[in-house]
Amino acid sequence: MRGSCWLNRRTEQRFRLHAISAVKSVKIKILFCSCVALTLLAFSTSASTFVLWNNQTPPIRRFPDSRKGYSIVMNTWKRYDLLKQSIKHYSSCPRLESIHIVWSEPNPPSDILLKFLRHVVKTKSIDGQHVKLKFDVNKEDSLNNRFKEIKDLETDAVFSIDDDVIFPCSSVEFAFDVWQSAPDTMVGFVPRVHWMDSLKGDGNKFRYGGWWSVWWTGTYSMVLSKAAFFHKKYFILYTNEMPASIREYVIKNRNCEDIAMSFLVANATGAPPIWVKGKIFEIGSTGISSLGGHTERRTECVNRFAAVYGRMPLVSTSVKAVDSRNIWFW
C-alpha cells in the first residue's frame with residue numbers, strides 16, 4: 001500500500017516536472033519569435049525611413065489654411081552658393097508657405113540671383129504648392145535684422161535658419177509638429193546651456209556651455225535661432241519691447257542675438273525651450289563660433305543680459321523630442 005502511494009507520488013512529480021518543462025519551452029519559443037518579429041519590423045521601418053529621407057517627400061498632408069504651415073526666415077551674408085543650396089533643399093518641404101531671406105549687404109541682390117532662386121523655388125515645390133520667395137532688404141548691417149518684424153508674414157510659425165545648415169525636410173516637419181503643441185516656446189535643433197559659475201562665488205554669475213556641456217550634463221536651457229521654430233510675435237517683442245541696451249550690445253559686439261532671443265522667449269513664458277533630435281548637415285564653416293574666445297564672449301553675453309533683466313530667465317530642462325518612427329525601440 002505504501003509502495004503504491006510512493007509510486008503514485010513519483011509519477012505525479014514526474015508529470016509536474018514534464019509540464020513545467022513544456023511550459024518553459026513554449027515561453028522560450030514565444031519570446032524567440034517575438035524578438036525575430038520585432039527585429040524584422042525594425043528593419044522594415046528603418047528601410048522605409050531611409051527611402052523617405054532620400055526622397056525628401058514624406059507623406060505629410062498639406063493644409064489649405066496658410067496659418068497651418070510655416071515660413072522660413074533665413075539669415076545670409078555673401079555666401080551665394082550656400083544660399084542657393086539651402087533654398088533648393090527647403091523649397092521641397094511639404095508645409096512650407098514662404099521663404100524670407102534677411103539681406104543686410106551693402107548692395108541689393110542681383111537680378112541673376114533673384115531669377116535663379118525664383119526658378120529653383122518654382123521647380124522644387126511639390127504637390128503644386130506655391131512657395132513665396134521674398135528678400136527682406138535692410139539698409140544697415142546688424143545681426144538684429146534677422147528678428148525684425150515682417151509685415152507680410154502670413155504664418156504664425158517661423159523657422160529661423162542660417163544659410164549654412166541643412167536639416168532633412170522630415171526633421172523640419174516633425175519639429176513643426178512639436179512646435180504646434182507648444183506654440184509660445186522655442187523649438188529647435190541646436191541646444192546650449194548655462195550654469196551658475198561656482199568659481200566666482202557669486203550666485204549671480206553664470207557660464208555659457210556649448211554642445212559638449214549639453215552632452216555631458218544631459219540638460220540645456222537654450223535652443224539657438226540658427227535652427228529653431230518660434231511664434232512670429234517675438235519679432236515684434238524683440239524690436240519694440242526687449243530692452244534696447246541688449247539690441248545695442250548685439251550691434252556693438254556682432255554676437256549673441258540668438259541668446260537675446262532665448263532670453264526674450266524664456267522671460268515671456270517662464271518655460272524652457274524644446275530640443276528636437278535631428279541630423280544636421282553643416283555646409284559652411286566660417287561662422288562666428290569658429291573664432292577663438294567664442295565661449296568667453298558668449299559667457300559675457302549671458303551675464304550682461306541677466307543683469308539687464310534683473311534675474312536669470314532661462315529655464316533648464318532635460319526633455320528631448322524624438323521622432324519614434326526613426327528609432328528601433330521607444
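Figure 1. Asp-184 counts as partly exposed because its relative accessibility is 37% (buried is under 20% relative accessible area, exposed over 50%, partly exposed in between, with a 1.4 Å probe and protein chains only). The model is predicted: local features need pLDDT of at least 70 and side-chain atom pairs pLDDT 80 or more, while totals for chains, interfaces and linings use all residues. Residues are numbered from 1 along each chain as its sequence is written, and side-chain values use heavy atoms, without hydrogens or water. Asp-184 forms a salt bridge with Lys-233, with 2.7 Å between the closest N and O atoms (a side-chain nitrogen of Lys or Arg within 4 Å of a carboxyl oxygen of Asp or Glu). Because Asp-184 sits in the loop between α4 and β6 (187-188) and Lys-233 in helix α6, the pair ties together parts 49 residues apart in sequence. Helices (H or I, at least four residues) and strands (E, at least two) are DSSP runs, numbered from the N terminus. Lys-233 is likewise partly exposed, at 33% relative accessibility.

**Figure 2. The salt bridge between Asp-156 and Lys-232.** In this pair the closest N and O atoms are 4.0 Å apart. The two residues link distant parts of the chain, 76 residues apart: Asp-156 belongs to the loop between β3 (132-137) and β4 (157-162), Lys-232 to the loop between β10 and α6 (233-240). Asp-156 has 19% relative accessibility and therefore counts as buried. Lys-232, at 22%, counts as partly exposed.

**Figure 3. The salt bridge between Arg-95 and Asp-177, with the whole-structure count.** Side chains of opposite charge can pair when their charged atoms come close. A search of the whole structure finds 15 salt bridges. One is formed by Arg-95 and Asp-177, whose closest N and O atoms are 2.8 Å apart. Arg-95 is in the loop between α2 (80-90) and β2 (96-103) and Asp-177 in helix α4 (residues 169-181), so the pair ties together parts that are 82 residues apart in sequence. Arg-95 is buried at 3% relative accessibility; Asp-177 is partly exposed at 33%. Elsewhere, a network of salt bridges links Arg-79, Asp-163 and Asp-164.

Figure 4. Lys-226 is located in the loop between β9 (222-223) and β10 (227-231). Leaving aside neighbours within four places in sequence, Lys-226 is in contact (heavy atoms within 4.5 Å) with Arg-146, Ser-160, Ile-161, Asp-162, Val-165 and Val-190.

**Figure 5. Phe-229 in the largest nonpolar core.** This core has 82 residues, of which Tyr-70, Tyr-90, Phe-229 and Phe-305 touch the most other members. A nonpolar core is a set of buried Ala, Val, Leu, Ile, Met, Phe, Trp, Tyr and Cys residues joined through side-chain atoms within 4.5 Å. Not counting residues up to four places away in sequence, Phe-229 touches Tyr-70, Ala-157, Val-158, Phe-159, Val-172, Ala-175, Phe-176, Trp-179, Thr-185, Met-186 and Val-187. Across the protein, 45% of the 330 residues count as buried. Of the contacts between residues at least 6 apart in sequence, 82% join residues at least 24 apart.

Figure 6. Trp-211, Trp-212, Trp-215 and Trp-216 make a nonpolar surface patch of about 630 Å². Patch residues have over 30% relative accessible area and no salt bridge; like charges are joined within 9 Å, nonpolar side chains (Val, Leu, Ile, Met, Phe, Trp, Tyr) within 5 Å. Trp-211 is part of helix α5 (residues 211-217) and, at 35% relative accessibility, counts as partly exposed. The protein as a whole exposes about 18400 Å², 58% of it supplied by carbon and sulfur atoms. Areas come from the Shrake-Rupley method with a 1.4 Å probe; for residues, only the protein chains shown count as cover.

Figure 7. Most residues other than glycine have a negative phi. Lys-78 has a positive phi, near 50 degrees, and is placed in the loop between β1 (70-75) and α2. With a relative accessible area of 49%, Lys-78 is partly exposed. Cys-256, also not a glycine, has a positive phi of about 75 degrees. Cys-256 is found in the loop between α7 (244-253) and α8 (257-269). At 0% relative accessibility, Cys-256 counts as buried. The protein has nine helices and 13 strands.
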